[in-house]
Amino acid sequence: MFSQISTRQFSSSARNAYKVTVLGAAGGIGQPLSLLMKLNPKVTQLSLYDLRLGKGVATDLSHIPTNSTVTGYGPENDGLATALKGSDVVLIPAGVPRKPGMTRDDLFNTNASIVRDLAKAAAENCPNASLLIISNPVNSTVPIVSEVLKSKGVYNPKKLFGVTTLDVLRSSRFLSEVVGTNPANETVTVVGGHSGVTIVPLLSQTKHKDLPKEQYDALVHRIQFGGDEVVQAKDGAGSATLSMAQAGARMAGSVLKGLAGEADITEPTFIDSPLFKSEGVEFFSSRVTLGPEGVKEVHPLGTLSSVEEEMVATAKETLKKNIQKGIDFVKANP
Ligand code: NAD
Ligand code: LMR
């Protein structure tokens, strides 16, 4: 009897025991993100891969007394494949960050091939994993991953996510600074994509829909270009890493809760979306409910102000080009 109960408990608790892999784990985002994943009780195997220092970061984190093993890998001895095998969730912050004066699109030439190659490895070694793409430009790297997965015959649009959560965190924080509230109580849905004008905060859906125009315009601009603030302040040493780690850990935590069957887990995220496909926009960020199979429901944008309607229209035009650039890259460089 006892052993039957334990067996049952073991198998149901397996729904709360996940292997999470971070690719680019020794970088500015990768290290704090890996730390936060080490603190997530749903993670029982944490697998860290980087071109350098993967093992060092893993050994360091492995001394923290939470219920997960941590293993680090480098490129030697087929480390990437071993790191990925059996993963439930793969976070990808590998690639170069911006310096002042650069756009995210300026990172395309370097990061496109990094993300393509990591996506190939994920397709071969963990075809059922949920893939969370952080590497910029997200508007193009997510389509790159989808093309790679399609070419390998393992594309599951329900399990590919562009991480736009940092825009959501910034919106809460910046809005709370303007209206003088606790950011923990300010939830803002951000839709579109992850760069400049493609970032569309739906402030009309918050409690603060009547901000004076000047304040509203400044807030929207700050949310859309919040990344630049950090790039300028770091003065050539990179872009957001710590706030991004928090954002990535929140998104991964929500994906894990969805996989575990928890109810009503919703995050805005950039996915292969039905919302504007008929207009040629294959990927779009909106609120998504997460479930055991990944994306469970894609929510429509809801009622928008006329200004937001215009911002969404502008975002769609830029997104179409960013998405096509990613698709064309994989076609030309399979
Ligand atoms: P970083 O240079 O500090 O770290 C990147 C890491 O990736 C390095 O450790 C590097 O060794 C590793 N790497 C490079 N090529 C690799 C490969 N082929 N396989 C495995 N690892 C590889 O950069 P960072 O500050 O951590 O930023 C990483 C990326 O995240 C950048 O592209 C940046 O623009 C992006 N980013 C996205 C968001 C977002 O909101 N989605 C926010 C911040 C930064
Ligand atoms: C951000 O929004 O902080 C990131 O996309 C990094 C960047 O280049 O701004």
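View 1. Over residues 19-162 the chain is 38% helix and 19% strand, with the end C-alpha atoms 20 Å apart. Everything shown in these views comes from a predicted model. In UniProt, an unreviewed entry lists residues 19-162 as "domain: Lactate/malate dehydrogenase N-terminal". The unreviewed entry also places "domain: Lactate/malate dehydrogenase C-terminal" at residues 164-329. Over residues 164-329 the chain is 47% helix and 17% strand, and here the end C-alpha atoms are 22 Å apart.

**View 2. The surroundings of ligand 1.** How many residues surround ligand 1? There are 33 of them, and the closest are G24, G27, G28, I29 and N136. Helix α5, which spans residues 108-125, gives the largest share of this shell, with three residues. Sorted by class, the shell around ligand 1 holds 18 nonpolar, twelve polar and three charged residues.

**View 3. The surroundings of ligand 2.** Now for the second ligand. The residues around ligand 2 are P97, R98, R104, N136, L166, G227, V230, V231, S239 and A240. Which helix gives the largest share of the shell around ligand 2? That is helix α9 (residues 226-234), with three residues. Five residues of the ligand 2 shell are nonpolar, three are polar and two are charged.

**View 4. A cis peptide bond at P137.** Stay with N136 for a moment, and look at its link to P137. The peptide bond that joins N136 and P137 is cis, with omega at about -5°. P137 sits in the loop between β5 (130-133) and α6.

**View 5. A positive phi at L53.** Here is another backbone detail to pick out. L53 has a positive phi of about 70°, although it is not a glycine. Most residues other than glycine have a negative phi. You will find L53 in the loop between β2 (43-49) and α3 (54-61).

**View 6. Helix α6 against helix α11.** Two packed helices are described by the angle between their axes and the distance between the axes. Helix α6 (residues 138-151) packs with helix α11 (residues 306-332) at an angle of about 40°, and their axes are 7 Å apart. That angle makes α6 oblique to α11. The crossing of α6 past α11 is right-handed. On the α6 side, the contact is made by N139, S140, T141, P143, I144, E147 and V148. On the α11 side, L319, N322, I323, K325, G326, I327, F329 and V330 take part. This contact of α6 with α11 divides into eight nonpolar, five polar and two charged residues.

**View 7. Helix α7 against helix α10.** Helix α7 (residues 165-179) and helix α10 (residues 242-259) pack at an angle of about 110°, with 8 Å between their axes. The two helices, α7 and α10, are therefore roughly perpendicular to each other. The crossing of α7 and α10 is right-handed. From α7, T165, L166 and L169 meet S243, M244, Q246, A247, G248, R250 and M251 of α10. Between α7 and α10, the contact has five nonpolar, four polar and one charged residues.

Note on methods: Residues are numbered from 1 along each chain as its sequence is written. Chains are lettered from A and ligands numbered from 1 in the order in which they are written. This is a predicted model: local features need pLDDT of at least 70, side-chain atom pairs count only at pLDDT 80 or more; totals for chains, interfaces and linings use all residues. A residue is near a molecule or strand if its C-beta atom, placed from the backbone, lies within 6 Å of it. Helices (H or I, at least four residues) and strands (E, at least two) are DSSP runs, numbered from the N terminus. Ala, Val, Leu, Ile, Met, Phe, Trp, Tyr, Cys and Pro count as nonpolar, Asp, Glu, Lys and Arg as charged, and the others, Gly among them, as polar. Axes are lines fitted to C-alpha atoms, for helices over the stretch in contact, and angles run from 0 to 180 degrees between N-to-C directions. Angles under 35 degrees count as roughly parallel, over 145 as roughly antiparallel, 65 to 115 as roughly perpendicular and the rest as oblique. A crossing is left-handed if the near helix is turned anticlockwise from the far one by less than a right angle, and right-handed if clockwise. Two residues are in contact if their C-beta atoms, placed from the backbone, lie within 7 Å. UniProt positions are given in the numbering used here, feature names are shortened, and annotations may be inferred rather than shown by experiment.
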